[in-house]
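Hi,

Here is the structure I promised to pass on.

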Amino acid sequence: MTARTSGFRATAVMLRTLPKSVERKIEAANAENAEDLMRTAKVLIPEKTGKARRLIKAMPQGDGGVLVDFGPLSKILEGGTEERHHKDGKSTGKGPARPFVNPALQVTEKRRKNRARKAVRDAIREVKGNG
């Protein structure tokens, strides 16, 4: 008794070409997600001069990912500071926590997940259409 296969070759071809297509689509979605996160963080950053805002950058990585660097001041702004003192012992106060990174992540979370899902879905459709 032999097993009959129907559409196996077409499915196998589709599965072989799927990783390349998914990778391309995911890279584009990652770049768009990083840009969205960066824009949102720049709006939410509690800073008046614009120095910390200018230091927020998105840097593409070699593996298709994108690293969003919130700059050197982000840790101080995000978490605040302990009470500080002059040499003479007089207190200069403590810096309050003014979060902007986590709120930016929360605001963009649904959009980022939806873009990733759409990228995979589009890649599958593209491969199915060609196969």
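Below is what turned up on salt bridges and aromatic pairs.

A word on the ground rules: this is a predicted model, so local features need pLDDT of at least 70 and side-chain atom pairs count only at pLDDT 80 or more, while totals for chains, interfaces and linings use all residues. Residues are numbered from 1 along each chain as its sequence is written, and side-chain values use heavy atoms, with hydrogens and water left out.

Salt bridges

I count a salt bridge when a side-chain nitrogen of Lys or Arg sits within 4 Å of a carboxyl oxygen of Asp or Glu. That gives 8 salt bridges.

One of them joins Glu-32 to Arg-115, at 3.1 Å from N to O. Glu-32 belongs to helix α1 (residues 8–44) and Arg-115 to helix α4 (residues 101–130), so this pair ties together parts 83 residues apart in sequence. (Helices are DSSP runs of H or I with at least four residues, strands are runs of E with at least two, and both are numbered from the N terminus.) Arg-115 is buried at 18% relative accessible area, whereas Glu-32 is partly exposed at 45%. For these labels, buried means under 20% relative accessible area, exposed means over 50%, and partly exposed is in between, using a 1.4 Å probe and protein chains only.

Another salt bridge pairs Arg-111 with Asp-36, whose closest N and O atoms are 2.8 Å apart. Here too a residue of α4, Arg-111, meets one of α1, Asp-36, so parts 75 residues apart in sequence are tied together. Asp-36 is buried at 5%, and Arg-111 is partly exposed at 38%.

Glu-109 and Lys-113 also form a salt bridge, 3.3 Å from N to O. Both are in α4, 4 residues apart, which means about one helical turn separates them. Shared partners link Glu-32, Asp-36, Arg-39, Arg-111 and Arg-115 into one salt-bridge network.

Aromatic rings

Rings of Phe, Tyr and Trp (its six-membered ring) pair if their centres lie within 6.5 Å; planes under 30 degrees apart are stacked, over 60 edge-to-face, and the rest tilted. The whole structure holds 1 such pair. In it, Phe-70 and Phe-100 are edge-to-face, with 6.2 Å between centres and 80° between planes. Phe-70 is in the loop between β2 (66–69) and α3 (74–79), and Phe-100 in the loop between β4 (91–93) and α4, so the pair ties together parts 30 residues apart in sequence. Both Phe-70 and Phe-100 are buried.

Cheers
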